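Hi,

Here's the structure I promised to pass on. Have a look below, and then read on for what turned up in it.

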There are 2 protein chains.
Amino acid sequence: MTEKAKSIEAVIVNGINATEYEQIVENVREDPSLAKFQFRATNVWRLGESNRTTITGFYGAGEEQGYDERRFVVDASEPEVLLGKDEAPNPVEYLLHSLTACLTSAIVYKAAARGIKIETLESTLEGDLDARAFLELSDEERKGYQNIRVTFKVRSDATIEELQEMAEFSPVLDVVRNGTPVRLRIETV
Amino acid sequence: MTEKAKSIEAVIVNGINATEYEQIVENVREDPSLAKFQFRATNVWRLGESNRTTITGFYGAGEEQGYDERRFVVDASEPEVLLGKDEAPNPVEYLLHSLTACLTSAIVYKAAARGIKIETLESTLEGDLDARAFLELSDEERKGYQNIRVTFKVRSDATIEELQEMAEFSPVLDVVRNGTPVRLRIETV
């Protein structure tokens, strides 16, 4: 099949190429190693609360991807009441972003694969955190978020139950709900 | 004490006002409710893999903060092999950013509070993910990261053990390692 014939036949749902999605499923079914991904980031501390992450290549779909041409820079800061200059979101706000961006894409991709059209999709998040553990004033509170609440408003052909089931495929939701082992290694230079 | 006298006396370590940090600790010791924070985010799906988070106000230090004047916009995308246009990091890459930005700040703030000078601090992260669960090809793999490895290179007066102990105060490390309850509510409109 020529490239032209392929593009004519491609089914696009929610802006996602559902034909290519189905092809990926078939490719991974034949060769499960294609499903292995390794994502990466590097971070450099600047001063005070300010630090900068650079994101370039990753491994996936059987090979190194985008190492030379791909480069994103993301800054983190803290608001003034947390002794920062408030130049960017703070790390726990980025966690909320990561979570809802992932939930959103899980719904959009799964719906595309199933031929379900999404019209609009918006979300709001709240995360509760008590700083006493960080400040070493309490052993009873945890350091991280105690609870996170996500509310989606969706206009689509799907039922609430279908939307819920599709959102549950989110990789970040799995990490945030269930935890992931983190190996933390520190070298002095 | 006048504002001027305060600023003359402030001890700045690693770009952090250690005098203000100590004042926050004392304030929270007297009134633990000042340690309660609620961070927030809203996200709007754009098309395909593209969605946009807006971060404005939060609650903390006893009152609403920054709602009118504070506004950050963060985009999420996906690379081409994941059917996107690669216009921004993807959600699982933002999770690595959130984690390492938080670990970095935990070290820098705790060191400042203890009078330990940090000269340089850099980190690299790798996260392993298998897409088979998302593609509904396997029940044996989890959806999220299987493992995350963080390597810090630090030039400072601190020992590796001190740096490790300070990093463990990171709120995002706690969430990623141990998980946090997420209440996911979906409304159709």
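First, a term: a salt bridge here is a side-chain nitrogen of Lys or Arg within 4 Å of a carboxyl oxygen of Asp or Glu. By that criterion, there are 14 salt bridges between chain A and chain B. One of them pairs A:Asp174 with B:Arg142, with the closest N and O atoms 2.9 Å apart. Do keep in mind that this is a predicted model.

Polar contacts come to 67 residue pairs between the two chains, counting those where both residues are at pLDDT 80 or more. On the chain A side, helix α3 (residues 91-113) supplies the largest share of the residues touching chain B, 19 of them. By class, that side has 66 nonpolar, 32 polar and 31 charged residues.

As for the overall interface, 129 residues of chain A are in contact with 129 residues of chain B. The area buried between them is about 11900 Å², and carbon and sulfur atoms give 63% of that. In chain A, the residues that lose the most area to chain B are A:Phe39, A:Trp45 and A:Leu83, together 7% of what that side buries.

Strands get involved too: β8 (residues 118-130) of chain A runs antiparallel to β3 (residues 36-47) of chain B, joined by nine bridges. Within that pairing, A:Thr124 sits opposite B:Thr42.

Cheers

Definitions and conventions: Residues numbered from 1 in each chain as written. Chains lettered and ligands numbered in written order. Predicted model: local features only at pLDDT ≥ 70, side-chain atom pairs only at ≥ 80, totals over all residues. Heavy atoms only, no water. Contact = heavy atoms within 4.5 Å. Buried area = accessible area lost by both parts, 1.4 Å probe. Polar contact = N/O pair within 3.5 Å; in protein donor to acceptor, adjacent residues only side chain to side chain. Helix = DSSP H or I, 4+ residues; strand = E, 2+ residues; numbered from the N terminus. Nonpolar A, V, L, I, M, F, W, Y, C, P; charged D, E, K, R; others polar. Pairing = 2+ DSSP bridges.
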